[in-house]
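Work through the exercises below with the sequence and the model side by side. Try each task before reading its solution.

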2 protein chains.
Amino acid sequence: MDEAAAHPYVPRDLKLPGYVPISMSMSTILAVYLGASLFVVTFVWFLLGRKKAHLDRLLMCWWAFTGLTHMVLEGYFVFSPDFFKDNTSCYLAEVWKEYSKGDSRYAGRDSAVIAVEGITAVIEGPASLLAVYAIAKGKSYSYVLQLAISLGQLYGCLVYFITAFLEGDNFATNSFYYYSYYIFANGWWVLIPFLISYRCWNKICESANGVETKIKKKTR
Amino acid sequence: MDEAAAHPYVPRDLKLPGYVPISMSMSTILAVYLGASLFVVTFVWFLLGRKKAHLDRLLMCWWAFTGLTHMVLEGYFVFSPDFFKDNTSCYLAEVWKEYSKGDSRYAGRDSAVIAVEGITAVIEGPASLLAVYAIAKGKSYSYVLQLAISLGQLYGCLVYFITAFLEGDNFATNSFYYYSYYIFANGWWVLIPFLISYRCWNKICESANGVETKIKKKTR
């Protein structure tokens, strides 16, 4: 087999010299991610969020989950240009070797993908954990912070999908990986930030209206 | 001269088959842009903003200026993949032939640039004009809208600069164009959105605090 084809990714002419094949199965990779996420969510729900309303608890779980995903998984990707050469079965390298079947731009170090993932890992990740704290403590910046991160996630997804489309949308190994990894997995980071943005936008407008009414009453 | 070198852009091996040289001078291009912008700003300052405080008037001018820049200039770029072949001396094509001296990714149709410019032209442009209206009418969504657009502009600039850096930062014809077009011109869209985000963030937190105090007083 020639070097260009010694990996499972599409396009087939993608050059990945030194590629070491995935050693973990898809189910192992998913089980570890879902297991770790379930642990985080359970911890936040029962410990950090125990005195809060259900929706706030759910939001705290989301922000902890997405923040750690951004920092740990996406952070590793951004700062590990050679993850596809990893031969130690490092879990984080395996994750990105597997995900690259849905979008080979990860293995190929596409600059738009790295830019978006860099902003996500370095800015949005820590900001998401701050959102957990802000909700827990009922901080006045809670809604505006959640809105800012959610809009950032939506902007990132837009750049991510538009650049793939402009470059021919041919980065998935097959349609199973295209729909399950590229569309379905990323879809959550479109749907949930959209819902949160909508809610926070309305909450902020309500506050502004409230203050306006108060000022009008005072000046009468 | 061979085809690859028949344009003034860097890298020299950039292929632009059918490139038609710029026919307008840099000073004409700048004068039209600055003149049109001055017209817009004067119109907004003296007519739309005449009953508002100075800072609100200034912000209305900014949003009108940036909104029209996004929609007209950047909108033209996004939907005109062949602008570098234009032989009619169309002003908008000349603008981008000239700007490409600071960043040849425009002439080269880099997908990250098109994605960011597309989001800017289609979403942020109309939203900026809405911000003019929101400030004029004192709408409750005024601050949150301005924050959302400004954060979008900052995100766009980050993607814009990071992708250029990752690809070798070698897209300017010479250091004059690099610093005047790529750094200085774009710098305004980092500085001003940053200042507006900061102000709107604080205003939104003040409102949230105000409502909180109000609710606390009521429930006593």
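**Exercise 1. How many residue pairs are in polar contact between chain B and chain A?**

This is a predicted model, in which local features need pLDDT of at least 70, side-chain atom pairs count only at pLDDT 80 or more, and totals for chains, interfaces and linings use all residues. Residues are numbered from 1 along each chain as its sequence is written, chains are lettered from A and ligands numbered from 1 in the order in which they are written, and side-chain values use heavy atoms, with hydrogens and water left out.

Step 1. Take the rule: a polar contact is a pair of N or O atoms within 3.5 Å; within protein, one must be able to donate a hydrogen and the other to accept it, and residues adjacent in sequence count only if both atoms are side-chain atoms.

Step 2. Apply the rule between chain B and chain A: two residue pairs are in polar contact, both at pLDDT 80 or more.

Step 3. Look for salt bridges (a side-chain nitrogen of Lys or Arg within 4 Å of a carboxyl oxygen of Asp or Glu). Across the interface of chain B and chain A there are zero.

**Exercise 2. Describe the side of chain B that touches chain A.**

Step 1. Count residues in contact, meaning heavy atoms within 4.5 Å. Chain B brings 36 residues and chain A brings 36 residues.

Step 2. Find the buried area, which is the accessible area (1.4 Å probe) that two parts lose on being put together, summed over both. Between chain B and chain A this comes to about 2,900 Å², and carbon and sulfur atoms give 77% of that area. Of the area that chain B buries against chain A, 21% is supplied by B:I119, B:S140 and B:Y155, more than by any other three residues.

Step 3. Sort the residues by type, with Ala, Val, Leu, Ile, Met, Phe, Trp, Tyr, Cys and Pro as nonpolar, Asp, Glu, Lys and Arg as charged, and the others, Gly among them, as polar. The side of chain B that touches chain A has 22 nonpolar, 10 polar and four charged residues.

**Exercise 3. How many disulfides are there over all chains?**

Step 1. Apply the cut-off, a pair of cysteine sulfur atoms within 2.5 Å. The count over all chains is zero.

Step 2. Check A:C157: the nearest cysteine sulfur, that of A:C200, is 17 Å away.

Step 3. Check A:C200: the closest cysteine sulfur to its own is in A:C205, at 11 Å, which is too far for a bond.

Step 4. Look at burial, where buried means under 20% relative accessible area, exposed over 50%, and partly exposed in between (1.4 Å probe, protein chains only). A:C157 is buried at 10% relative accessible area, and A:C200 is buried at 0%.

**Exercise 4. Compare the surroundings of salt bridges within the chains.**

Step 1. Start from the total: the structure holds eight salt bridges over all chains.

Step 2. Take A:E94 and A:K97, whose closest N and O atoms are 3.7 Å apart. Both residues are buried.

Step 3. Take B:D82 and B:K85, which meet in a salt bridge at 3.7 Å, N to O. B:D82 is partly exposed, with a relative accessible area of 46%, and B:K85 is partly exposed at 36%.

Step 4. Take B:E98 and B:K101, which form a salt bridge with the closest N and O atoms 3.0 Å apart. B:E98 is buried at 3% relative accessible area, and B:K101 is buried at 14%.
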